[in-house]
Structure formats: C-alpha cells, structure tokens
Amino acid sequence: MEKKKDMIRIERESVIPVLKPKLIMTLANLIEHSSDRAEFLKLCKRIEYTVRAWYLLQFEDLMQLYSLFDPVNGNQKLQQQNLSPKEIDVLEQNFLTYLMQVMEKSNFKITSDEEIEVARSGQYLLNLPIMVDESKLDKKLLKAFFEENPQPNLPDFADKYIIFRRGVGLDQTTDYFFMEKVDMIIGQVNQIQSYVSCLKKSYLATTYDWVEKLLSRRSSSRRTKDPKKDDEITSEANGEEEEDLYVERIRLENMELSVKGLLSKTTIKEPTFDRIIVVYRRASPKAKEERGIFVKHFKNIPMADMEIVLPEKKNPGLTPMDWVKFLGSAVVGLVAVISSLEMPNADFWVIIAILSTVIGYCAKIYFSFQQNLAAYQNLITQSMYDKQLDSGRGTLLHLCDDVIQQEVKEVILSFYILMEQGKATREDLDRWCEELIKEEFGASCNFDVDDAVEKLEKLGIVSRDSVGRYFCVGLKRANEIIGTTTEELVLRAKQGKQGSTS
C-alpha cells in the first residue's frame with residue numbers, strides 16, 4: 001500500500017528531555033580534573049537543595065488550598081473552617097492561580113482550539129464521536145478565573161474544563177483493520193459515483209467552468225483543512241518555523257488499498273501527547289453546592305483519540321450518518337422488493353438477492369458500531385488503568401517535583417556552559433545549551449535561558465560585565481557562595497550518629 005505523508009508541525013518545548021542524574025553525570029564526566037569534578041557534583045547538590053527550598057512554601061500553600069477542594073474529603077474541611085461562600089470563592093481562585101503558575105513552570109500549555117482541531121482531523125483507534133455532557137460540568141469556576149486572568153488562545157470549552165499538554169511522542173498499532181478498510185472502500189465507491197453523476201450533469205451545462213471551480217475549491221480546502229498540518233515541508237518555513245518539529249501521522253485514510261492490503265496486517269502511527277492534565281468541576285446538585293476540583297493526569301494519549309480524557313462523556317451511539325445509511329438502505333430495499341412483487345413475472349431469487357444485500361448492509365453498519373463501541377470501552381479501560389498516572393493530590397505532587405527537576409537542570413546546564421565557554425551573551429548561552437543537549441543526548445528543546453539566568457543571578461554565582469555578557473565564578477567559590485545547606489547538615493549528623501553507634 002502506497003502511503004501519502006501526513007505531517008503535523010509541533011512547536012519545540014522548553015522542557016529538557018533528559019533525566020537529571022544522567023545530565024549531571026554526563027556533564028561531570030566531561031570535566032578533566034577529578035578535583036573539579038568533585039566540586040561540580042557538590043555544586044549540583046547544593047543547587048538542587050536551594051531551588052527546592054525556594055519553592056517549598058509555595059508548594060505547601062498549593063497543597064493546603066487543594067485540601068479544601070479535594071473531591072474526596074474537601075467538603076468536610078470546608079465545613080470545619082466555617083467559611084462564607086465569598087471566602088471560599090477567594091480561596092478557590094487562589095488555588096487556581098497557584099496551579100497555573102506551577103503548570104507554567106512545569107512547561108504545560110493550555111491546549112488551544114487550533115491544536116484540538118489538528119488532533120481531531122484524523123482517526124486512530126477511536127472511531128466513535130465522543131461528546132461531553134456539559135450539563136454535568138460546572139461553568140462558574142473557570143469562567144470567573146479567566147475573566148480575572150485573561151489568557152490568549154483559550155479554547156471554547158475553557159469555562160467548563162481545561163486540558164493541559166506537554167511533550168510529544170509516537171504510538172503505533174499493527175492489525176488487520178478489516179472493517180475499517182471495508183468502510184473506506186465503500187466510501188470511496190460512493191465518492192466516485194457521486195463524482196461521476198455530478199460530472200454528467202455539469203457536462204450538460206458548462207464543463208469548463210465547473211472543473212475550474214472544483215479545482216480552486218480543492219486547492220483552497222487543502223490549504224485550510226488543518227491549521228498546523230503541512231503535507232510538504234517547503235522552503236517557506238523560515239525563522240521560528242525552522243525550529244519546529246514535524247511528526248508523521250500514518251492513517252488508513254491516506255493509504256491506497258489493494259486486495260493484498262485488504263487481507264494483510266497494516267501498521268498505523270499517531271503522534272501522542274506525552275502528558276495531559278485535565279482540570280474541571282462537576283455541576284452542583286440542587287440540594288448541595290459542589291466545591292470539589294478534579295485534577296487528572298494522563299500519559300501517552302494519541303492526538304486523534306484525545307477524546308478519551310474528556311470529563312463526563314456521553315454514552316456513544318450511532319451517528320446521524322449511520323442512521324441515514326441504515327434507514328435509507330431499508331427504504332431502498334423495501335421499494336425494490338415491492339416493485340419486484342408488482343411485476344407480472346417476479347423472480348424469487350432476485351427478491352432474495354435484494355433482501356440479502358439490504359440486510360447485509362444494515363448488519364454491517366450495526367456490527368461496525370458494535371466493534372467501535374467495544375474498542376471505545378477498551379480504550380476507556382486502558383486510560384483508567386494504563387494511561388492515567390494519578391489524580392488530585394498525587395498529580396500536584398508530580399507537578400511540584402517536575403518544577404524542581406526542570407529548574408535544577410536549567411541552572412546546572414547553563415552554569416556548566418559558562419564554566420567551559422567563559423563569557424557569553426544571553427543568545428550565545430541559549431544556543432550553546434541547546435547544542436550541547438543535541439550533541440550529548442541526541443535530544444532537542446527550546447532552552448529557557450531567561451529563567452536559567454535569573455536563577456543563576458539569584459544564587460549569586462553568575463554576574464554580568466560592562467557590555468552585558470554573563471560569566472560565572474569558579475566552582476569552589478560557587479560552593480562557598482551558596483554555603484552549606486540544611487540537607488547537608490542533616491546528612492552529616494546522620495552519618496556521625498551512625499559512626500558513633502558502630
């Protein structure tokens with residue numbers, strides 16, 4: 001089967017896709033002298049301890065606020081506090097403010113309508129239309145927050161729930177996909193028939209004008225179908241676009257089917273969101289106001305199947321097009337049978353053939369729906385057990401740790417570059433850090449040099465000269481400036497206690 005390339009453009013993200021221990025040990029091994037290597041490892045520990053201390057109070061405030069809005073036992077704590085509704089409103093807005101700050105520091109981004117449209121422009125394993133039951137979702141909490149804190153490119157559903165995403169991966173599945181291929185063949189036959197009938201009608205009028213309009217429509221629709229998707233990467237991708245990543249989406253719709261391909265296994269590929277976090281609140285019943293805020297964390301969600309993470313989904317059913325096909329086939333079959341019976345020489349086998357065709361087609365629609373429903377239920381089960389990382393407090397703890405790990409990696413990497421390269425402008429430091437990540441780890445990212453430089457200056461181990469170039473102090477001096485941390489004192493006391501007891 002010949003495949004047509006379907007490329008999706010993905011913006012590079014600021015997250016460093018390298019584990020912190022691997023980053024530290026790789027950089028340490030690049031240092032020649034063992035004494036400098038030991039000082040560098042000590043500095044890395046002190047940087048991590050200090051950065052962790054910076055965020056400790058903020059994270060404690062976040063966790064304390066969430067304890068009031070935990071869907072499990074948050075209502076009990078709110079009752080114990082004996083707060084007024086206005087005071088509770090202020091606290092939940094404070095929680096959302098802290099949450100958005102942590103999301104930003106963890107390099108999570110709010111999924112926009114444009115990205116949702118790109119994700120839904122194709123099908124992967126989920127072939128049923130999934131809708132959210134909006135009547136079961138609260139529309140006040142997020143609406144009030146974004147009215148006070150407006151943000152660009154918010155999706156249409158931002159008043160009901162928010163989807164954060166970070167990172168991109170690739171998922172692939174190999175199977176026969178027999179029913180899907182049959183659907184494609186039937187759809188292509190219908191398209192050919194409608195195209196031929198339209199061509200015949202247009203030929204009687206103005207053939208040339210019709211073809212010209214058709215070609216212009218097709219060219220314009222191809223340009224505007226998927227906002228961030230390109231079939232070909234041309235030389236127009238200049239400036240920032242050259243830094244973007246392109247991921248190939250291999251779908252059945254873009255394959256040319258043959259008899260051999262129909263009966264053989266096929267591999268399809270779909271880009272994934274590496275991490276997704278969904279935030280929402282359920283609608284309150286009339287008797288009692290709901291204050292719980294749900295925070296759910298998922299991993300490796302295929303873009304085309306991202307509906308599986310939506311909150312409060314409706315039970316899927318036959319689509320309107322399926323009902324049209326189903327009822328239309330029944331009506332056509334009934335008319336054909338009645339017409340055959342009214343003929344003087346009605347052929348029994350012709351009637352049987354018509355009925356068999358109609359019943360077979362209706363059965364095909366029904367069993368296709370049942371197969372898609374089973375696949376949907378399997379995906380939902382998988383999302384609950386395999387793809388859901390955590391929820392509530394566990395998700396917040398993940399986020400807090402992500403912030404610390406990312407900040408520490410940025411500071412250590414930028415300090416190492418300044419230590420090896422000497423003085424550097426902000427642009428040079430940014431470029432050298434990205435080049436080192438590419439050369440040593442084979443990964444790419446949009447390094448957040450502004451945040452890294454800010455932390456280095458706050459630590460007091462980096463300064464600027466008269467022309468604005470950055471330079472760092474020596475390793476030994478850097479350790480002296482940061483000083484002995486509380487964690488080190490605890491470790492020394494613990495080791496001394498163990499030595500005395502032995």
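When I say buried, I mean under 20% relative accessible area, with exposed being over 50% and partly exposed in between, using a 1.4 Å probe and protein chains only. By that cut-off Phe69 is buried, and so is Phe95. Hold on to those two, we'll come back to them.

First, some housekeeping. This is a predicted model, so local features need pLDDT of at least 70, side-chain atom pairs count only at pLDDT 80 or more, and totals for chains, interfaces and linings use all residues. Residues are numbered from 1 along each chain as its sequence is written, and side-chain values use heavy atoms, with hydrogens and water left out.

OK, the overview. The chain has 16 helices and 10 strands; these are DSSP runs numbered from the N terminus, H or I with at least four residues for helices, E with at least two for strands. Of the 502 residues in the chain, 41% are buried. Contact, for me, means heavy atoms within 4.5 Å. Take the contacts between residues at least 6 apart in sequence: 78% of them join residues at least 24 apart.

Now helix packing. I'll start with helix 1, residues 20-29, and helix 12, residues 393-421: their axes come within 10 Å and cross at roughly 10 degrees. That makes helix 1 roughly parallel to helix 12. An axis here is a line fitted to C-alpha atoms, for helices over the stretch in contact, and angles run from 0 to 180 degrees between N-to-C directions. Under 35 degrees counts as roughly parallel, over 145 as roughly antiparallel, 65 to 115 as roughly perpendicular, and the rest as oblique. The crossing of helix 1 and helix 12 is left-handed, which is to say the near helix is turned anticlockwise from the far one by less than a right angle; clockwise would be right-handed.

Which residues do the meeting between helix 1 and helix 12? From helix 1 you have Lys20, Leu23, Ile24 and Leu27, and from helix 12 you have Gln405, Val408, Lys409, Ile412, Leu413 and Tyr416. By class, this contact of helix 1 with helix 12 has 7 nonpolar, 1 polar and 2 charged residues. For the classes, Ala, Val, Leu, Ile, Met, Phe, Trp, Tyr, Cys and Pro are nonpolar, Asp, Glu, Lys and Arg are charged, and the others, Gly among them, are polar.

Helix 12 also packs against helix 2. The axes of helix 2 and helix 12 come within 9 Å and cross at roughly 150 degrees, and the two helices are therefore roughly antiparallel to each other. The crossing of helix 2 and helix 12 is right-handed. In that contact, the residues divide into 21 nonpolar, 1 polar and 5 charged.

On to the rings. Rings of Phe, Tyr and Trp (its six-membered ring) pair if their centres lie within 6.5 Å; planes under 30 degrees apart are stacked, over 60 edge-to-face, and the rest tilted. By this rule there are 7 aromatic pairs. One of them is Phe40 with Tyr416, an edge-to-face pair at 6.1 Å centre to centre with 70 degrees between the planes. That pair links distant parts of the chain, with Phe40 in helix 2 (residues 34-69) and Tyr416 in helix 12, 376 residues apart. Both Phe40 and Tyr416 are buried.

Then there are the two from the start. Phe69 and Phe95 have ring centres 6.4 Å apart and planes at 40 degrees, so the pair is tilted. Phe69 lies in helix 2 and Phe95 in helix 4 (residues 85-105), so the pair ties together parts 26 residues apart in sequence. Ring pairs also bring in Tyr66, linking Tyr66, Phe69 and Phe95 into a cluster.

What does Phe441 touch, leaving out residues up to four places away in sequence? The list is Val18, Lys22, Leu23, Thr26 and Leu436. Phe441 is in helix 13 (residues 426-441) and counts as buried, at 15% relative accessibility.

Asn82 has a positive phi, near 55 degrees, in a residue other than glycine. Asn82 sits in the loop between helix 3 (74-81) and helix 4, and is exposed, with a relative accessible area of 68%. Asn300 is not a glycine either, yet has a positive phi of about 50 degrees; its place is in strand 7 (residues 294-302). Asn300 is partly exposed, at 32% relative accessible area.
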